[in-house]
Amino acid sequence: MEKNFKVFVYNEGEHPIFHHGPCGSIYSIEGNFINRLENSRFRTRDPEKATVFFLPFSMTAMVHFIFERNSRNHWLPMKRTVKDYIDLISHRYPFWNRSLGADHFMLSCHDWGPELSKSLPELFNNSIRALCNANTTEGFWPSKDVSIPEINLPGGRTNGLVGGPSASKRPILAFFAGGVHGPVRPILLEHWENKDHEIRVYKYLPKSLSYASMMRKSKFCICPSGYEVASPRIAEALYTGCVPVLLNDHYVPPFSDVLNWKSFAVVIPVLEIRNLKNVLKGISPRQYIRMQRRGLAARHHFEVHSPAKRYDVFHMILHSVWLRRLNIRLRAVDDS
């Protein structure tokens, strides 16, 4: 991949919707990826040398700048922006029409990314969609689309977020703190909030406690879905050396092509939340140490660096896109 994979980024479009995105929120992967790609050795200025074509819009920026809260059809202006952009590049260049978008990709970490990708049938059905909200019940297709991690970067950097103690210095079995939204968290709170001293589940974290400190003191960090399936807690857990516990259904974890999630995370169906403690207690100390070490080994695939480093999250996203491009055969090009 590193020798031959090339990405053409369309120059069309202006800030703040295009060639720009958030770098310091739970949607930070959008801005960070766009910035890294546009200054990357993988970028080619010659579209004839491109392996794939990137559509450089930020869905989060569209929601921020175009979303009309009081409109009867608040989707329309945003979907029109996406459609107009693809209409523009399809008239200026032959590449979209050549493949009907199959060798193009978009990236979105906003919850509305999957819906906005329906702006054009070819974008939804043919293009590679790199999404945080990788929900198979909402049209995410694992062999075509790419699951990317939701990473919360306060201040736009990972400084102070990475690192934690060994397994022997983690006295708390499991920890979660977060607001009640979506269908999964109420179930978690119903069964475990203030119910067990080993399972620390809070709706509101007491002011006397530090969120980061609690993660570093815990063996397992509970990562339930919110309104959508993705959660920034997965990356936060890996950053702090806490074994993630994924509580969600129909979710495709990031980079599942190359990462065996069950070797460094616990995956529990929503219906089994009541058995959470039994499942975690059933993991032996030796098995836990192996899982934590594997999580530490996998952590660098979720780290954000400037400039990007080999095997970090930027390279992992590109690798996932490359794998899916290998599945596409373009007759006009590949058979010539």
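Sorted by class, the lining of the largest cavity comes out as 6 nonpolar, 2 polar and 1 charged residues. Here Ala, Val, Leu, Ile, Met, Phe, Trp, Tyr, Cys and Pro count as nonpolar, Asp, Glu, Lys and Arg as charged, and the others, Gly among them, as polar.

A quick word on ground rules. This is a predicted model, where local features need pLDDT of at least 70 and side-chain atom pairs count only at pLDDT 80 or more, while totals for chains, interfaces and linings use all residues. Residues are numbered from 1 along each chain as its sequence is written, and side-chain values use heavy atoms, with hydrogens and water left out.

**The cavities**

Rolling a probe the size of a water molecule over the atoms shows where empty space is left. A cavity here is a set of points, on a 1 Å grid over the protein atoms alone, where a 1.4 Å probe fits but cannot get out, and lining residues have an atom within 4 Å of a point. Grid points are joined across faces, edges and corners, and a volume is the space filled by probe spheres set on the points. That rule gives 3 cavities of 30 Å³ or more.

The two with listed linings look like this:

| Cavity | Volume | Lining residues |
|---|---|---|
| Largest | about 40 Å³ | Ile29, Asn32, Phe33, Arg36, Val304, His305, Val313, Phe314, Ile317 |

For the largest cavity, α1 (28-38) and α12 (313-325) are the elements that give two or more residues to the lining. The biggest share comes from α1, with 4 residues. Helices (H or I, at least four residues) and strands (E, at least two) are DSSP runs, numbered from the N terminus.

Over at the second largest cavity, the lining has 8 nonpolar, no polar and 1 charged residues. Its elements giving two or more residues are β6 (172-177), α8 (211-217) and β8 (218-224).

β6 runs parallel to β7 (residues 199-202), joined by 4 bridges, with Phe175 opposite Arg200 in β7. β8 pairs in the parallel sense with β9 (residues 243-247) over 5 bridges, and there Cys223 stands opposite Leu246.

How many residues of β6 are buried? It's 6 of the 6, so β6 is largely enclosed by the rest of the structure. β8 is mostly covered, with 6 of its 7 residues buried. Buried means under 20% relative accessible area, exposed over 50%, and partly exposed in between (1.4 Å probe, protein chains only).

**A serine in a loop**

Ser119 sits in the loop between α5 (113-116) and α6 (121-125). Is Ser119 buried or exposed? Its relative accessible area is 12%, so Ser119 is buried. Leaving aside residues up to four places away in sequence, Ser119 touches Lys79, Val82 and Lys83, a contact being heavy atoms within 4.5 Å. Ser119 and Thr81 are 38 residues apart in sequence, with 8.7 Å between their C-alpha atoms. The side chain of Ser119 also reaches the backbone oxygen of Leu116 at 2.4 Å.

Key:
1 Å grid on protein atoms, 1.4 Å probe; cavity = no way out; pocket = protein on both sides within 12 Å on 5 of 7 lines; lining within 4 Å. Polar contact = N/O pair within 3.5 Å; in protein donor to acceptor, adjacent residues only side chain to side chain. Pairing = 2+ DSSP bridges.
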